Amino acid sequence: MAHVKLWESLREATGGQTELEVEARTVKQLLDRLAEDYPDLQPAIDKGLSVSIDGEMHRKAGFQKIPEGAEVVIFPRMAGG
Amino acid sequence: MPLDEKPDATKRAFDVVGTRPLRPDGIDKVTGRAMFGADAFASGMLTGRVLRSPHAHARIRSIDTSKAEALAGVKAIVTAADFEDRDDDLRDVLVNCMARDKALYDGHAVAAVAATTPAVAKQALKLIEVDYEVLPHVIDVEDAMTDDAPILHDNIARDGKPSNIASTCEFGHGDPDKGFAEAEVVVERTFRTEATHQGYIEPHACLASVGPDGHGELWCCTQGNFMVRNTCAQLLGMDFSKLRVTASEIGGGFGGKTTVFLEPVALALSRKANRPVKMTMSREEVFRASGPTASSAIRVKVGLARDGRITAAEAELKYQGGAFPGSPVEMGAMAAFSCYDLENVKTFGYDVVANRPKQAAYRAPGAPMAAFAVESVIEELAEAIGMDPIDLRLKNAAKEGTKSSYGPTYKRIGLVETLEAAKAHPHYSAPLGPNQGRGVACGFWFNFGGETCVSLNVGKDGTVGLSLGTPDIGGSRASMCQIAAEELGIDYDQVYAIVADTAALGFNDVTEGSRVTFSSGLATIEAAREAIKKLCQRAAIMWDIPAEAVIWEDGHARPSGSNAGDFEPLSLKEIAAHSAETGGPIAGHHEINAAGAGPSFATHIVDAEVDPETGACWVTRYTVVQDAGKAIHPSYVEGQFQGGAVQGIGWALNEEYIYGDDGTLQNAGFLDYRIPVASDLPMIDTVIVEVPNPGHPYGVRGVGETSIVPPMAAIANAVSAAAGVRMTSLPMSPPRLLQAIDNSRKQAAE
C-alpha cells in the first residue's frame, strides 16, 4: 500500500481528495488504479507526470517499483534549462 | 572494494575528482578550430531563409509563392502546407516552426526558401505574397487574462468561454487561513518581471541533408540531438533510425536550445530541393522568433510570528509563455517556497498565452521570478521584526525531513549549510559605503535525472574514449573524463570524451535540468566499472587464473590474495595492449533512466550602489554560496555559479523585451537589449558547499540552474536597501529606479 499525494490542482478530478492510499507495486499500476477510480485524472496522466518515491524524483518511471508504505508524490512533468 | 558496492561519498578520498584539469575543448575554442552550428558545410549546399510575420497577430488568408519559385536560383519553398497537420503534443512545436492559419507573434515563421545564394534567398522572400488580416493583439500577461482580451486560440476555454488562460495549477498543504490568523506580522506585495532572453552568443544554426532514399543527416547546435532527431522525424514522417543528428559545439544554450526552430524547416527544404540546406538565424531572428523566458505578475503574502516563525505563506503566479501553452508557471509555483519548512502553504498559478514568441526553458525555468517575489517579502519581514535576514531564513529553513511545499519529503539537503557559510563569509559583515545596500536571497532547483547512455572504449595504447549522448554546455566532457579516470585509476589525460551522434548511442534526454553531471556521471561510473570487470577477466586470462581471483586497485589488476598466485600487477595499458589475444576490444557500456537527483540550494549576498540623482545602480560586490553535493571539477562549478549570477544581474537591472503599440519587438539586438558586459560586473566570489546527495555514489547534485534563482531577489533587496524604497518590478533600470525614488520622496513629503 502506497501513500499517494497528488498536487492540489487534481482535487477536482478526485472529488476533493489529494491524499490517497493505493495498492500498487509499480508507478504504472498506481496510475492505472487512479485512472480507474478517478477517470477525470486521465488527461493529467496522459500529459505526463513526475513522481517522487520516498523523496527520490523519477521521470518516465512506469515500471519503477514502489516499496511498501512508500511516500509517493505526483506532480506535473518538469523540464529544466 | 567489490565493484558493486556503493562507497560512502562522505568518506571517499578522490584522486582526480575534485581537481581542476585543463578543459578538453579549451584550445579549440580559443583558436577558432571548434566547429559550431554555423560552421557546418556540405558540397552543393543551399542557403535557407525564413519569411517572418511583421504582425503580432494576423490571420493568414493566403500565401502566394509563385513569383519566388520562378526566381532563378530558388530550389525549394515550404509553408505550413508542406508539413502534415497533427493533433498530438507536437502540434504546438510544429505550428511554432511554421505558422498554419494565423501568425501569432511578430517574427512567427510563415514560409521558408532554399536558394543557391543568400542574396537570392533574400530576394525570394520579398517575392512571397502573404495576405494577412491583422487582428487585435495582447502582450501583457494581466491584459491577456481579462475577459475582453484578444483571443489567440479558439480551442482554449475557461468556464465555457474562450480564454487566454491555458491552465491553472495549485500546490501546497496545511491551512493558510489558519496560519495567517496566527501571524503577528503579514507582508503582502505584488511583483512583476519582464521576459528575458537566455542571451546565448551563438545563434541557432543547422545544416540538413535529406537524400532521395529518405535518409537524412542534420548537424545543429542543440542541447539535445536525440530530442531533435525524435521531434524532427515525427514532424516529417521519418523513421528515427533514418535521421542522424550530430550536435555541434554550442555557444551557449541555458535552456534555449532544448527545442527546435529551424531544424524541421531545413530538413523539409532539403527534402524538397534534394540538396543540403544550411540555415542560420540572425540576432534579430533569435530575439523575435526563438524562445525567451516568461514574463510574470506575482502576488506573495507571508505571515510571521514575532519570534520569526513563518505561520503561513501563499502566492499567486501569472506567467505568460508566449503564443502557446506551456509557461513554466507550474515549476515556479512548486519552487516558490521550497526553501522553507512551512505548516501552511499554498501557491496558485496561471499559464497564460499572449502574442509573443513561444517561451523556451531558461535556467531553472519559472523559479527565478518566484524567488524574486518570495525572497523580497522574506527580506521585508526580517526588517519588520528587526531580525537578521539570514537568521530569519535559518529559523525557517527546509532541512532533511521537511515536507516540501511541492510535496516530497526532503532527504539530505544543504540549505542550512549555505546560509551558515554565507553568514560566516567576510562579505556579510563588511562595511557599506554611502548609497549602498546589502541584500540576501536563497534559491532552489529540483535537479533531474533521466535517460542516459554512455560507451567507454579502451584503446590498445591504454587511452580511453568516452562517447556521451549529452551535449556539453557546462564542462561535462571534462567532468566525465575525470569520473572515468577516477574509476579506472588512470590519469585524466588518458581519457578523451566526445558527444556522439544519434546513431552511435541509445537515446539520451536533453542536457537540461542540471542533470548531466549527475546522470551521465552515473552512467560513466557504471560503464567504467563494467570495463574494469572485463580488464580483470583479461588479466585472469593472461595469468591463467580464475577471473574472480583478480581485483582492480590503483589502475592495476592484481591477484586478490597470495593463494591466487604471485603475479606482477598489470596496468590498464598492459592489458589493453594484449586485448586482441585475450578476446578482442575492451569496452564498458551503461544505460540508465537515472533517479535520485538531489535538490540544490544556494544563498547569495549582494552589495549594490545607487545614484539617487539618475537612478543608475551597480552591483559592487557579489558572493555565491551553493551546495554542489560534490564538485567534480570545481572551476566549472564556480563558473556555473558566476554565470548564474551574471545572467541574474542582467535580468534584474537591464534586460527586458520591449514591445511597441503595434505588438512588434522594439529591441531585437544586443545594442538595445542590454546584457551585462565585463565592465558592468564586480568580481563574483564563490563558495562551494558540499553536502553529498545520498542518491549518487560521489554525492553529486546538479549546479547549473540553482545559481540563477536567487540573484534577482538578492539584487532587488540590495538596491531597495540602497535606494530606501522597495523595488517590486524588474528590470530595475535607471528610469524605473529613479521613478521609484521620486515617488518615495513625494510620499515622504506629503
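Start with strand E12 of chain B, which is covered on both faces: Gly216(B), Leu218(B) and Cys220(B) are buried on one side, and Glu217(B) and Trp219(B) are buried on the other. A residue is buried if 20 or more other C-beta atoms lie within 10 Å of its own, exposed if 12 or fewer, and partly exposed in between, with C-beta atoms placed from the backbone. Select residues 216-220 to see all of E12(B); five of the five are buried, so the strand is largely enclosed by the rest of the structure. In a regular strand the side chains alternate between the two faces of the sheet.

Two conventions apply throughout. This is a predicted model, in which local features need pLDDT of at least 70 and side-chain atom pairs count only at pLDDT 80 or more, while totals for chains, interfaces and linings use all residues. Residues are numbered from 1 along each chain as its sequence is written, and chains are lettered from A and ligands numbered from 1 in the order in which they are written. Helices (H or I, at least four residues) and strands (E, at least two) are DSSP runs, numbered from the N terminus.

Strands pair if DSSP finds at least two bridges between them. Strand E11 (residues 205-210) of chain B runs antiparallel to E12(B) and is joined to it by five bridges; Ser209(B) has Glu217(B) as its bridge partner. Five residues lie between the strands of this E11(B)-E12(B) hairpin, where Gly214(B) takes a positive phi near 90°.

Select strand E13 (residues 243-247) of chain B, which runs parallel to E12(B) with five bridges. Here Leu218(B) is the bridge partner of Val245(B).

Move to the open four-stranded sheet of chain B, ordered E18-E26-E27-E28 with mixed pairing. Its edge strands, E18 (436-445) and E28 (684-689) of chain B, each pair on one side only. Then show helix H19 (residues 634-653) of chain B, which lies across E26, E27 (617-627) and E28 of chain B and runs at about 130° to E28(B). Axes are lines fitted to C-alpha atoms, for helices over the stretch in contact, and angles run from 0 to 180 degrees between N-to-C directions.

Which residues touch the most other members of the largest nonpolar core? Select Val265(B), Ala370(B), Ala484(B), Ile715(B) and Val719(B), out of 266 residues. Such a core is a set of buried Ala, Val, Leu, Ile, Met, Phe, Trp, Tyr and Cys residues joined through C-beta atoms within 7 Å. Helix H16 (residues 516-543) of chain B gives the most to this core, twelve residues.

Finish at the chain boundary, where 35 residues of chain B are in contact (C-beta atoms, placed from the backbone, within 7 Å) with 20 residues of chain A. On the chain B side, the largest share, five residues, comes from E9(B).

Conventions: Two residues are in contact if their C-beta atoms, placed from the backbone, lie within 7 Å.
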